[in-house]
Amino acid sequence: MKLGLFGHPVSHSRSPRLFARLSRLLKRPISYALVEVHAGGLGAAVAVARDAGWRGANVTVPLKEEAAALADWLTPEARALGAVNVLRFGRTVVGHNTDGEGLRDALRRAGVAARGRDALVFGGGGAARAAGWALGKEGARAVRFTARTTERAKKTAKDLGRCFPRTRFSAGACAPAEIWVNATPLGMKGFPDRSPAPKFLPSPEAAVDLVYGRRTAFQRDAAARDARVVDGAPMLVFQALRAWESWDRPFGAARRAKLAGPLLRL
């Protein structure tokens, strides 16, 4: 099965290691190529991949919205999030988004129950939208987005409110919540390593960082507040498993959880 990743930059990606390990676990040989694609170039890259017999591809920044526009058909998750991180090639191009479901799986693995709880999401962009989708799907009572670009956060809240009318979505200044999610670039390589959470904010029960591969200031701050800390590695692994399912066949929750163990040890 031929697969790959489109985006820029992609040289740092863990996806080749993840999918190589997964292919060994499943005894399904694959090839996985990293393809540097700048904004505006996705259509040409997809055409080359389809001619080469690819089954599908992952899509990362800055191409997720471009991928949504390019796809012939969008899954409900991709349509709700307005972004695509997985493409499946066949007679048509199907766009899917596994970020929200990947985060749901990660929350469950960590024992973080969102149902009936208030959540505060730092950020208002695509990652924040995926986090809000996951929290709404899990039955959170309220989700508040706080970001530098207030208008973008307000639009995210408004759009998700239509998807999950039983969850109260809002945007604005920080407010107390049982669950925090860092969906900003803070802590990522190349960005300042500081927590977006102000010191005056009451401590949460759980803090989820979408950044993986490093102990960030957000994680250290949350740990010092005695919160349960979840980094971005489980979400990365579960969204990869969900992507494989879109190319091949469903695992089911039990097998997905079992496969996650060895992948998290990479």
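Q: In this predicted model, which residues does Asp-221 touch, not counting residues up to four places away in sequence?
A: Asp-221 touches Trp-180, Ser-195, Ala-197 and Lys-199. Its own place is in helix α8, residues 217-224.

Q: Why does Asp-221 count as buried?
A: Its relative accessibility is 10%, and buried means under 20%, so Asp-221 gets that label.

Q: What makes the pair of Phe-19 and Tyr-32 stacked?
A: Their ring centres are 5.1 Å apart, with the planes at 15°. Pairing needs centres within 6.5 Å, and stacked needs planes under 30 degrees apart, so this pair passes on both counts. Phe-19 sits in helix α1 and Tyr-32 in strand β2, 13 residues apart.

Q: Why is the pair of Phe-122 and Phe-218 called edge-to-face?
A: The angle between the planes is 70°, and over 60 counts as edge-to-face. The centre-to-centre distance is 6.2 Å, against a limit of 6.5 Å.

Q: What makes this pair tie together separate parts of the sequence?
A: Phe-122 lies in strand β7 and Phe-218 in helix α8, so the pair joins parts that are 96 residues apart in sequence.

Q: How do you know whether Leu-87 is buried or exposed?
A: Look at the relative accessible area: for Leu-87 it is 0%. The cut-off for buried is under 20%, so Leu-87 is buried. Leaving aside neighbours within four places in sequence, its contacts include Val-46, Gly-56 and Trp-247.

Definitions and conventions. Residues are numbered from 1 along each chain as its sequence is written. This is a predicted model: local features need pLDDT of at least 70, side-chain atom pairs count only at pLDDT 80 or more; totals for chains, interfaces and linings use all residues. Side-chain values use heavy atoms; hydrogens and water are left out. Buried means under 20% relative accessible area, exposed over 50%, partly exposed in between (1.4 Å probe, protein chains only). Contact means heavy atoms within 4.5 Å. Helices (H or I, at least four residues) and strands (E, at least two) are DSSP runs, numbered from the N terminus. Rings of Phe, Tyr and Trp (its six-membered ring) pair if their centres lie within 6.5 Å; planes under 30 degrees apart count as stacked, over 60 as edge-to-face and the rest as tilted.
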